[in-house]
Amino acid sequence: WAHLAHLGAVPVSPGPHPLAQHLGTLDGRYSAAFLDPPWRELFGRSEPPPAEPFSVTGRILGFVAGAAVTLPLPVAEAMLTCRDKL
């Protein structure tokens, strides 16, 4: 079943996530789309901005549409973080 699933990692944490940094070193388009300062600044805010400085959906869809190669990464290597806000 693993060859049927394609997972995408989109960083939305305020700081650089190790998995996102690793994917950025493997794929320059990923790095340009999701690891640039405007992306980090948008998701690093404590409050949402009054207006999006760029289209988040458009950036994700543009990256997915242009993805010609997938990286065979084992799911066990994916690092997921969850922070409950209680």
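## Surface and burial

The protein exposes about 6800 Å². Carbon and sulfur atoms supply 62% of that area. The model is predicted, so these values describe computed coordinates. Of the 86 residues in the protein, 20% are buried.

## Confidence

The mean pLDDT of the protein is 74. A value of 70 or more is reached by 67% of the residues. Among the elements, helix 2 has the highest mean pLDDT, at 86. Helix 1 has the lowest, at 83. Where pLDDT is low, the predicted coordinates should not be read in detail.

## Overall fold

The protein has four helices and zero strands. Read along the sequence, the pattern is α-α-α-α.

Contacts also reach along the chain. Take those between residues at least 6 apart in sequence: 54% of them join residues at least 24 apart.

## The nonpolar core

The largest nonpolar core holds 12 residues in all. Leu-19, Ala-20 and Leu-23 belong to it. So do Tyr-30, Ala-33, Phe-34 and Leu-35. Trp-39, Leu-42, Phe-54, Val-56 and Phe-63 complete the set.

Phe-54 is one core member to look at in detail. Leaving aside residues up to four places away in sequence, Phe-54 touches Pro-38, Trp-39, Leu-42 and Arg-59. Trp-39 and Leu-42 are themselves part of the core.

## The buried side of helix 1

Which residues of helix 1 are buried? They are Leu-19, Ala-20, Leu-23 and Gly-24. These residues lie on the same side of helix 1 because they cover an arc of only 135° around the axis. The buried residues of helix 1 pack against helix 2. Three of the residues named here, Leu-19, Ala-20 and Leu-23, are also in the largest nonpolar core.

Side chains of opposite charge can pair when their charged atoms come close. Here the count comes to one salt bridge. The side chains of Arg-59 and Asp-36 form it, at 2.9 Å from N to O. The pair links distant parts of the chain, 23 residues apart. Arg-59 sits in helix 4. Asp-36 sits in the loop between helix 2 and helix 3.

Are the two partners buried or exposed? Both Arg-59 and Asp-36 are buried. Arg-59 is also among the residues that Phe-54 touches.

Terms used
Residues numbered from 1 in each chain as written. Predicted model: local features only at pLDDT ≥ 70, side-chain atom pairs only at ≥ 80, totals over all residues. Heavy atoms only, no water. Core = buried A, V, L, I, M, F, W, Y, C linked by side-chain atoms within 4.5 Å. Buried < 20%, exposed > 50% of the residue type's maximum accessible area, 1.4 Å probe, protein only. Contact = heavy atoms within 4.5 Å. Helix = DSSP H or I, 4+ residues; strand = E, 2+ residues; numbered from the N terminus. Arc of directions from axis to C-beta. Areas by Shrake-Rupley, 256 points an atom, 1.4 Å probe, with all protein chains shown as cover. pLDDT = per-residue confidence, 0-100. Salt bridge = Lys/Arg side-chain N within 4 Å of Asp/Glu carboxyl O.
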